[in-house]
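Subject: Handover of a structure and the findings on it

Dear colleague,

Please find below the structure that I am handing over to you. My notes on what was found in it follow directly after.

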Amino acid sequence: MKLFLSLVLLLLLPFLTRAQTPETRRYAIEVAGLRVGTMTATRQLPTPANPETVSTLTSDVQVDILFYHLIIYYKVTNYMRGGQLRLSTVDARTNQGNFSSRTEWKNDHYDIVANQYKYQYKATETRPIRYTVTDMFFGEPTGQNRAFAEYFGDFFVVKPGKPGRYQATRAGREDEYQYQNGQLVTLIKKNPLKNFIIRLL
């Protein structure tokens with residue numbers, strides 16, 4: 001009997017290990033052809049012990065171009081259960097100060113508070129949030145017409161363009177997502193000074 005249990009555990013070990021290893025995507029962040037930082041997206045699928053999908057998006061940027069000086073570290077953490085966002089937190093640390101956003105499901109609505117650099121937003125949302133900007137790092141947004149922007153506590157409008165390309169727009173901001181074989185390979189964050197180019201490593 002002990003031998004049988006040992007064999008079963010030995011056979012299941014690769015599957016148990018795989019379930020505990022988060023899916024990870026690593027990107028370089030470039031401005032004007034220079035690498036200025038990194039971005040990492042991870043997704044931990046549910047386990048019997050933890051029924052939530054936990055996704056993170058971490059960005060670490062330092063830019064010094066002439067008179068333009070920028071330091072940004074931010075981390076988004078999303079908790080999804082039953083296909084619905086239950087909690088999202090954003091921790092941002094910059095050379096302009098520390099900021100945060102929080103979106104939390106409270107029985108029948110979300111409480112949304114975003115306190116970011118030169119941006120404050122407070123709202124409630126009654127519709128379940130089922131798709132976020134972080135999700136766009138793990139596959140094409142097929143059939144999705146909006147994505148919840150955790151940083152802003154609001155939604156990007158998502159529209160398909162050429163095959164494998166999608167535009168995400170919100171309040172004058174525009175991001176372009178480019179996919180190959182269903183995997184995000186390039187994200188262009190358009191900026192009046194210089195575009196940020198995020199490339200898969």
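A salt bridge here is a side-chain nitrogen of Lys or Arg within 4 Å of a carboxyl oxygen of Asp or Glu. By this rule, 13 salt bridges are counted. Please note that the model is predicted: local features need pLDDT of at least 70, side-chain atom pairs count only at pLDDT 80 or more, and totals for chains, interfaces and linings use all residues. Residues are numbered from 1 along each chain as its sequence is written, and side-chain values use heavy atoms, with hydrogens and water left out.

Overall picture

The protein chain contains one helix and 14 strands; helices (H or I, at least four residues) and strands (E, at least two) are DSSP runs, numbered from the N terminus. Of its 201 residues, 40% count as buried. Buried means under 20% relative accessible area, exposed means over 50%, and partly exposed lies in between (1.4 Å probe, protein chains only). The accessible surface of the protein chain is about 12000 Å², and carbon and sulfur atoms account for 55% of that surface. These areas come from the Shrake-Rupley method with a 1.4 Å probe, and for residues only the protein chains shown count as cover.

Contact means heavy atoms within 4.5 Å. Among contacts between residues at least 6 apart in sequence, 31% join residues at least 24 apart.

Salt bridges

Arg-93 is partly exposed at 41% relative accessible area, and Asp-91 is partly exposed at 35%.

Another, at 2.9 Å from N to O, links Asp-175 and Lys-189. Asp-175 belongs to strand β12 (residues 173–180) and Lys-189 to strand β13 (residues 183–189), so this pair ties together parts that are 14 residues apart in sequence. Asp-175 is buried, with 5% relative accessibility, whereas Lys-189 is partly exposed at 31%.

Glu-104 and its surroundings

Glu-104 lies in strand β6 (residues 97–105) and is partly exposed, at 25% relative accessibility. Its side chain forms a salt bridge with that of Arg-102, at 3.3 Å from N to O; Arg-102 is itself partly exposed at 41%. Beyond its neighbours within four places in sequence, Glu-104 is in contact with Arg-86, Leu-87, His-109, Tyr-110 and Asp-111. The C-alpha atoms of Glu-104 and Tyr-79 are separated by 9.7 Å, with the two residues 25 apart along the chain.

Two strands pair if DSSP finds at least two bridges between them. Strand β9 (residues 146–149) pairs with strand β10 (residues 154–160) in the antiparallel sense, over four bridges. Ala-149 has Asp-154 in β10 as its bridge partner. The hairpin of β9 and β10 has four residues between the strands, and Gly-153 takes a positive phi near 70° there.

Strand β10 also runs antiparallel to strand β11 (residues 165–170), to which four bridges join it. Here Val-157 is partnered with Thr-169 in β11. These two strands form a hairpin with four residues between them, in whose turn Gly-164 has a positive phi of about 80°.

Yours sincerely
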